[in-house]
Amino acid sequence: MPTLHSDVPVCVLGLGLIGGSILRALGRAGRPAYGWNRSAAAVDDAGAAGFDASSDLAATLRRADAGGHVVVVAVPVPALDEVLAAIAEHAPHAWLTDAVSVKGDVARRVSAAGLTGRYAGGHPMAGTSFSGWGATDPALFDDATWVVTADDRTPAEAWRLAASVGLDCGAVIVPAGSAEHDAAVARISHSVHVVAEAVAITAELDPAAKQLALSLAAGSFRDVTRVAGTAPSLVNAMCEANADALLDALDDTIAELIAARAELAERGTVGDITARGYAARKRYESARRTPFSPVLDGAGWQRALREAGHAGGVITALG
């Protein structure tokens, strides 16, 4: 069993793929954890698997408040405001983090609920195209990147506890600001979803070749369109919550495609985009993580963490 980074119990709100996997990963690590889900079926399934789960949100939150536990919000974006209001009412003394893929939007909602003083945002960079408790996996976050936001108003103890959740789930922590996180994930996640949808649709647009195209589709089509198998409601929620950054990313993607089309039409080659794309992929493959120890005191510790994360630093343990 790995060394725990905190023994503060964790309350997970939402037992779908991400929240349920967090509950399972914490259980694997031996950290006290329990969960809530609106659907009684998911609660029953979690209970049958040996986990402590409830469909009574108010009672679950009062339990977290009484113990000063860490609440992890892992509900869909449309449910955030209702859940945050319940936390403000029933668990104002609990620590708060989340597992939502857009950080600026969540931070604004947390602020509106009056919970900023107990909050550090989180985003585990892991997932599959499946959903629900049945898709959960305690190993989902092993060696994955888990962002914990270090904005100027982030409290040190909230940051430490949010990071401890990710570490106890098997991930490594990358500190980042909410705005820079959202700009980055627009380019490496949200725009990828939109492009995958476009590629999947394009395969069917030639009526004469539609069936043949689908019959011939193999590895490259499968890999590029994998995330197009994600439930549209989930993709819509994360893309729409990050609209400004996603628009910038899509503008750049579209410009690259237009340039590639022009090069092919005018010169009979796509050599420029393939050479630059190949080089970009190789840089991604050769990128290295540099472990560092976080210092959570003194003036400007949040900025120092952001700078370390921007430079490729990761946190694998808490001092």
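Visitor: Where is the place of Asp143?
Guide: Asp143 sits in the loop that runs between β6 (122–124) and β7 (145–149). Please note that this is a predicted model.

Visitor: Is Asp143 buried or exposed there?
Guide: Asp143 counts as exposed, because its relative accessibility is 53%, and the cut-off for that class is over 50%.

Visitor: And what is the phi of Asp143?
Guide: The phi of Asp143 is near 65°, which is a positive value in a residue other than glycine. For background, most residues other than glycine have a negative phi.

Visitor: Let us step back. How many helices and strands are there in the protein chain?
Guide: The protein chain contains 13 helices and 10 strands. Its radius of gyration is 21 Å, close to the 20 Å that the globule rule gives for 319 residues, so the chain is as compact as a globular protein of that length.

Visitor: What box do the C-alpha atoms fill?
Guide: Taken along the principal axes, the C-alpha atoms of the protein chain fill a box of roughly 70 × 45 × 40 Å.

Visitor: What percentage of the 319 residues count as buried?
Guide: The buried share is 42% of the 319 residues. As for contacts in the protein chain between residues at least 6 apart in sequence, 71% of them join residues at least 24 apart.

Visitor: Now some buried residues. Where does Asp168 lie?
Guide: Asp168 belongs to helix α6 (residues 156–168). Asp168 counts as buried because its relative accessibility is 4%, whereas the cut-off is under 20%.

Visitor: Which residues does Asp168 touch, not counting those up to four places away in sequence?
Guide: With those set aside, Asp168 touches Thr3, Leu4, His5, Ser6, Ala25, Leu26, Ala29 and Arg31. As a spatial reference, the C-alpha atoms of Asp168 and Leu296 are separated by 19 Å, and these two residues are 128 residues apart along the chain.

Visitor: What about Ser101: buried or exposed?
Guide: Ser101 is buried, with a relative accessible area of 14%. The residue is placed in the loop between β5 (95–98) and α5 (103–112). Not counting residues up to four places away in sequence, Ser101 touches His123, His181, Val185, His190 and Met238.

Visitor: And where is the place of Gln302?
Guide: Gln302 is part of helix α13 (residues 301–310). At a relative accessible area of 10%, Gln302 is buried. Once its neighbours within four places in sequence are left aside, Gln302 is in contact with Ala150, Asp151, Asp152 and Thr154.

Visitor: Turning to helix packing, how do the axes of α3 and α4 cross?
Guide: The axes of helix α3 (residues 57–67) and helix α4 (residues 80–90) come within 9 Å of each other and cross at roughly 50°. The two helices are therefore oblique to each other, and α3 passes α4 in a right-handed crossing.

Visitor: Which residues make that contact?
Guide: From α3 the contributors are Leu57, Ala58, Leu61, Arg62 and Asp65, and from α4 they are Ala86, Ile87 and His90. The residues of this contact divide into 5 nonpolar, 1 polar and 2 charged.

Visitor: How do the axes of α11 and α12 cross?
Guide: Helix α11 (residues 243–267) and helix α12 (residues 271–286) have axes that come within 8 Å and cross at roughly 135°. That angle makes α11 oblique to α12. In this pair, Glu256, Ala260 and Glu263 of α11 meet Gly271, Asp272, Ile273 and Arg276 of α12. The residues of the contact divide into 2 nonpolar, 1 polar and 4 charged.

Visitor: Which residue has its place in the loop between α11 and α12?
Guide: Val270 is placed in that loop. At 34% relative accessibility, Val270 counts as partly exposed. Not counting residues up to four places away in sequence, Val270 touches Ala260, Glu263 and Leu264.

Visitor: How many Å apart in space are Val270 and Val8?
Guide: Val270 and Val8 are 55 Å apart, C-alpha to C-alpha, with 262 residues of separation in sequence.

Visitor: One last item: where does Ala287 lie?
Guide: Ala287 occupies the loop between α12 and β9 (290–291). Its relative accessibility is 51%, so Ala287 counts as exposed. Ala287 and Arg303 are 16 residues apart in sequence and 23 Å apart in space, C-alpha to C-alpha.

Terms used. Residues numbered from 1 in each chain as written. Predicted model: local features only at pLDDT ≥ 70, side-chain atom pairs only at ≥ 80, totals over all residues. Heavy atoms only, no water. Axes fitted to C-alpha atoms, helices over the stretch in contact; angles between N-to-C directions. Helix = DSSP H or I, 4+ residues; strand = E, 2+ residues; numbered from the N terminus. Parallel < 35°, antiparallel > 145°, perpendicular 65-115°, else oblique. Left-handed = near helix turned anticlockwise from the far one by under 90°. Contact = heavy atoms within 4.5 Å. Nonpolar A, V, L, I, M, F, W, Y, C, P; charged D, E, K, R; others polar. Rg over C-alpha atoms; globule rule 2.2 N^0.38 Å. Buried < 20%, exposed > 50% of the residue type's maximum accessible area, 1.4 Å probe, protein only.
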